[in-house]
Amino acid sequence: MFTFVVLVGLFLLSVVTCDYVSWENLNTNLQNRANEFEKPRTQPHIIFILADDQGFRDVGYHGSEIKTPTLDRLASEGVKLENYYVQPICSPSRSQFMTGRYQIHTGLQHSIIRPTQPNCLPLENVTLPQKLKAVGYSTHMVGKWHLGFYKRDCIPTQRGFDTFFGSLLGSGDYYSHYKCDSPGMCGYDLHEGEEAAWDQDRGVYSTLMYTQKVVDILASHDPRRPLFLYLAYQAVHSPLQVPSRYLERYKSIPNLHRRKYAAMVSCLDEAVNNITLALKRYGYYDNSILVYSTDNGGQPMAGGSNWPLRGSKGTYWEGGIRAVGFVHSPLLLKKGTRCRGLVHITDWYPTLVTLAEGTLEEDLDLDGYDVWEAISEGLPSPRQDILHNIDPIYTKAKNGSLKAGHGVWNTAVQAAIRVGDWKLLTGIPGYSDWVPPQTFSSLLLANRWHNERVRWDRGKSLWLFNITADPYERVDLSRRYPHVVKKLLLRLAEYNKTAVPVRYPAKDSRSNPQLHGGVWGPWYKEEEEEEDMESNLLTNQLGKRRHRKKGRGKHKIKRKSRE
């Protein structure tokens, strides 16, 4: 009996002791977690706003008649990027932002990704949101994707974004969200995640709709967890549509295109103000970095202005690639300044990943640089050159040649490079006029653009400018400095050795939205891809067999004919 009582007592003692220890451990764990939760996070919230087709002049602080009080204030309180470059059209700028790599290294060096092409940002590239997600960021995208969607693996939620709300294509109606790529090839293009957003659609103007979506994300997210928010507005890309209340401000502009465009910019400015207010209201602002950038130059025929720069969207003149950009953040060390160091859109990838305490592996093969110290502290930029592009399949300049390129580069090929103060262009750079601010009157010609015309020199396929001294590209120095020309041509040739083949497939009829419930979206299935690969392999094998059967005699004849 005594033994039994002792055993029971020992058992109860052990239970009490164990319970005491487990409760103590539990309390310690909870306290540690609470401490971790209360620790100030060093990873900043990153808000990247990308405007579409906004011209270099089309912001108040560049002298525009368009009122942009929000952009002016944010830029003046932050750092204005006054030597900042993007690409001349949509997809290339977006691809370089997402990967930190030049177009020649992703195969997207020609044109844009069209909605009917089985093409997208190559899947082997690790995207910016994927890198940020790996270090604990919540990643959200709102707005225009335009990096391909032919199969599911290409769309935003498969490329690193936790959520996506927006359009997959490059343009569309601001209210109905429909887009026709060609007659009979029309469909709906508003998506929530991986599905058509029919239930979310209230016919709201996209700038207002996207802004409200961003505010909703900020309201529902915990500001103690780092946030990456990529807001790619459709504005101010054509079609020129805007709520009538914004037009009232610009009655004095007779040109209808310019008037609508100005109203769209004002609406965009107001939207950015609402986002900054939400950042403050929901507790993000003090630990946030807001980057504002345009994706390319403005299109004068659609109301945009790049004056005093030369050229427009779609060209490698400064008007096509020199962008409006600034950084606004309480974390900047030197606020209210201008950064005149060279900055390119590829630089955001390494800069933001480093700020987020991420890692940059060597095998990423980045073309971008970490430029945060140049922006925040005013130190020299680590970037000394920019490959604007090499497009081997763009229309060749008729009078271009290897001889004109000093025997090292065929000047018929469209290419552009910046090294230090110097900029070299070859081939056909694109529309090259300067379009000054419109001098309208009440006369019949009031709606015309007053271009400063350039007499096209048909024999020309090469230009050299000192961009620091001549940012408006008025004085071609190619004949005066042939040694500089040759040096830059050699740089182009070196870059070209690293280029991958161009990805620009033919139109695929299976992309027609009418085959997919009237919605633009993925059409390429994995099994179809495997079948296509097997078919291509079989075709290649049959081709080789036929080639062998023809014998070597014909090869000799062909060689002779070539000689």
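Reader: In which loop of this predicted model is aspartate 470 found?

Author: To place a residue, one looks for the helices or strands on either side of it. In this predicted model, aspartate 470 is found in the loop that runs between strand β18 (462–466) and helix α11 (482–497).

Reader: Which backbone nitrogen, then, lies 2.9 Å from a polar atom of the side chain of aspartate 470?

Author: The backbone can be examined as well as the side chains. The backbone nitrogen of valine 475 lies at that distance, 2.9 Å, from a polar atom of the aspartate 470 side chain.

Reader: How many salt bridges does the count come to?

Author: The count for this model comes to 23 salt bridges. One of them joins the side chains of aspartate 58 and arginine 258, with an N to O distance of 3.0 Å. Because aspartate 58 lies in the loop between β1 (45–51) and α2 (69–77) while arginine 258 belongs to helix α7 (residues 256–281), this pair ties together parts that are 200 residues apart in sequence. Both aspartate 58 and arginine 258 are buried.

Reader: Are arginine 224 and aspartate 222 buried or partly exposed?

Author: Each partner has to be read separately. Arginine 224 is partly exposed, its relative accessible area being 46%, and aspartate 222 also counts as partly exposed, at 28% relative accessibility. These two residues form a salt bridge in which the closest N and O atoms are 3.2 Å apart.

Reader: What links arginine 491 with aspartate 385, and how far apart are the closest N and O atoms?

Author: Arginine 491 forms a salt bridge with aspartate 385, and the closest N and O atoms are 2.1 Å apart. The pair links distant parts of the chain, with arginine 491 in helix α11 and aspartate 385 in strand β15 (residues 385–391), 106 residues apart. Arginine 491 counts as partly exposed at 29% relative accessibility, whereas aspartate 385 is buried, with a relative accessible area of 9%.

Key. Residues are numbered from 1 along each chain as its sequence is written. This is a predicted model: local features need pLDDT of at least 70, side-chain atom pairs count only at pLDDT 80 or more; totals for chains, interfaces and linings use all residues. Side-chain values use heavy atoms; hydrogens and water are left out. Helices (H or I, at least four residues) and strands (E, at least two) are DSSP runs, numbered from the N terminus. A polar contact is a pair of N or O atoms within 3.5 Å; within protein, one must be able to donate a hydrogen and the other to accept it, and residues adjacent in sequence count only if both atoms are side-chain atoms. A salt bridge is a side-chain nitrogen of Lys or Arg within 4 Å of a carboxyl oxygen of Asp or Glu. Buried means under 20% relative accessible area, exposed over 50%, partly exposed in between (1.4 Å probe, protein chains only).
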